[in-house]
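Please look through the structure below before reading on. The paragraphs after it walk through selected parts of the chain.

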Amino acid sequence: MSENFLPQNYLTCLLALPIVFALALPFLKPNEGSKNIHFYGVGASVVLFLFSSLAWLVTGRLKGDGLNLLYNSLTEVHPWFPNLGIHYAVGADGLSLTMMILTTFLLVMASVASITNIKKRVKLYYGMLFILTTAVMGVFLARDSFLFFLFYELELIPMYLLIAIWGGPNRKYASLKFVLYTLFGSVFLLAGILGLYFHISSTGGIAVQGQEFLFPIIQAHAATLAPTAQLLIFLAFFIGFGVKLPMVPFHTWLPDAHVEAPTPVSMLLAGILLKMGAYGMMRFCWEYLPEAAYELAPWVAALAVINIVYTAGVALVQKDLKKLIAYSSVSHMGFVLLGLAAMNELGFNGAVFVMFAHGIVSAALFMCVGTLYTRTHTRMIADFGGLGKQVPVIFYFFMFMSMASLGLPLLISFASETLVFYGAFLSDFFHHTIPFFGLKLFWHMRLATLLSALGIIIGAAYLLWMLKRVFFGEMPKKWNQLADASRSEVFVLATLALLVMGYGFQPALITHHFEAEVSNVARMYPMIHARKQMEASAARQIKGPKSTIKQLSSAESISGAQVEDTVEQQELVTYE
């Protein structure tokens, strides 16, 4: 299949299409119940999904040079503010296309879910959904850091309105908290982008003048940063994206936003918005700043353990059903951090797979919660009981998705999290002894992996306990008239369930789309590790006899060929 199969300016058309759909909404006259607006919203989201699927299908059939030619043909670079080095630059690779297809697919699911959940100001609602979609896709497709930041901030406006207008009783508080936390992270994100810009401007010379914000230029020059500067810029990006991930202690905005957001918005919030933070970490921190990522990996692993175990424990004691699922969502995003801390192909592939799997499973769980809330108007677990017989279809889907979330074998979360655990357990990049009140504590990726496994155990506890209290036991008489799932709700949940089973049975259906790009990033780290080991060995010789100075001089002039020879001797795990 030719790389010219896709239309010219395909990515620009993809970004513009939701805006066109939004601009057409004011000219539609709603009928009774705004059914025609709902049908328009669903139809437009299906068209967008099909159009985005073109690139997904074409890339799935290409390999090697053919795939690279396609990616090059998709790239568009046009000067925007050339004096400042700002361009309209968009492009795609396996990682960004995976996140893009997840975005457009979940938009379809959220649009169908909106039929039974959104009753007021329907035209404005779909307008905000389409603008949100453009902003999120722009984050994944941008190839200029200023444009990336612009799309990253644009997402704030529609999401704020979606929560503030269609949310629950405390929607104003939740929406404002969401904006304030995100803006806090954006300050660090902007600082990191400007730090790279000024470094490239001062060291790049005439050859890169006017191109300082472009991703290829950043990748080429970020490695020349001084170690301290690279660490500081890494931390700026890490905190900025960590707020969106979200990462403890910047996670408290998410449960409030989920609780107050309407069901379709919660599906998008968990399914795609959190992935913006994980994608940014992968792109800026681990791909462009690998030296700093290597140095800080032990701390990232510690944060991953905290994220997984602590928020799982918090979920265990929740009385609000939706808040329980929200904290469960935060816990599972910790596995992305664990995979990134592993710094190997298995860990990185697992981290991206978890991003995709979490998008599917969390969206389904919030849909399940929404089906109960629209019928009972309560989310308190204590108000339920014995609903399994009254609403068996909702019960079966809720139970199935809970099993997927806790990692039942042959389902998508099991496949993705197993890949992360395997990669983390086999990672051998750091061994640390930490003094603690006279004791020496050993810190290693295998220990981090074992501690993270507690999150799976606690996850099984809170999900099974939740199912027992909601669907088993004696049912209160006030729920005798509850109706089971509607056709639109069954369609959404059944579609998500098929993906959970399909990608669980055959993970390669999804992993082969991003494996090449993610593995290229992972291949940097064995070389960095080998060089660090040789530098450490050389540094230890400084404390030896003066006769070793000559040996030190030769050790300090390690060639790239020596590093590569050392790497080739290491036993590297590859993922196929």
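Which residues does G350 touch, not counting those up to four places away in sequence? The model in view is a predicted one, and in it G350 touches S416, L419 and V420. G350 is found in helix α15. With a relative accessible area of 0%, G350 is buried, because buried means under 20% relative accessible area.

Leaving aside neighbours within four places in sequence, S416 is in contact with G350, F353, V354 and A357. S416 is buried as well, at a relative accessible area of 1%. A separation of another kind is that of G350 and A297, which are 53 residues apart along the chain and have their C-alpha atoms separated by 16 Å.

The next stop is helix α12, which covers residues 263-287 and has 25 residues. From its first C-alpha to its last, α12 reaches 35 Å, close to the 36 Å expected at 1.5 Å a residue. The helix also has a bend of about 35°, located at L269. Is α12 mostly covered or mostly open? It is mostly covered, with 25 of its 25 residues buried.

Charged side chains come next. The structure holds 12 salt bridges, and one of them is formed by D93 and R143, whose closest N and O atoms are 3.8 Å apart. This pair links distant parts of the chain, the two residues being 50 residues apart. D93 is in the loop between β2 (86-90) and α4 (94-117), while R143 is in the loop between α5 (122-141) and α6 (145-154). Both D93 and R143 are buried.

The side chains of D320 and R379 also meet in a salt bridge, at 3.3 Å from N to O. Here too the pair links distant parts of the chain, with D320 in the loop between α13 and α14 (321-342) and R379 in the loop between α15 (345-376) and α16 (387-390), 59 residues apart. D320 counts as buried at 9% relative accessibility, and R379 is buried with a relative accessible area of 15%.

A further salt bridge is made by the side chains of E291 and K532, at 3.5 Å from N to O. These two residues also link distant parts of the chain: E291 is in helix α13 (residues 290-316), K532 is in helix α22 (residues 524-541), and they are 241 residues apart.

A cis peptide bond joins L245 and P246, with omega of about -10°. P246 has its place in the loop between α10 (227-244) and α11 (253-260). Another cis peptide bond joins V248 and P249, where omega is about 10°, and P249 is likewise in the loop between α10 and α11.

R121 has a phi of about 45° and lies in the loop between α4 and α5. H377 has a phi of about 60° and lies in the loop between α15 and α16. At 52% relative accessibility R121 counts as exposed, and H377 is exposed with a relative accessible area of 61%.

Which residues make the nonpolar surface patch of about 380 Å²? W80, F81, L84 and L150 make this patch. W80 lies in strand β1, residues 76-81. With a relative accessible area of 37%, W80 is partly exposed.

Definitions and conventions
Residues are numbered from 1 along each chain as its sequence is written. This is a predicted model: local features need pLDDT of at least 70, side-chain atom pairs count only at pLDDT 80 or more; totals for chains, interfaces and linings use all residues. Side-chain values use heavy atoms; hydrogens and water are left out. Helices (H or I, at least four residues) and strands (E, at least two) are DSSP runs, numbered from the N terminus. The expected span of a helix is 1.5 Å times one less than its number of residues. The bend at a residue is the angle between axes fitted to the seven residues ending there and the seven starting there. Buried means under 20% relative accessible area, exposed over 50%, partly exposed in between (1.4 Å probe, protein chains only). Patches are made of residues with over 30% relative accessible area and no salt bridge: like charges are joined within 9 Å, nonpolar side chains (Val, Leu, Ile, Met, Phe, Trp, Tyr) within 5 Å. Accessible areas come from the Shrake-Rupley method with a 1.4 Å probe; for residues, only the protein chains shown count as cover. A salt bridge is a side-chain nitrogen of Lys or Arg within 4 Å of a carboxyl oxygen of Asp or Glu. Contact means heavy atoms within 4.5 Å.
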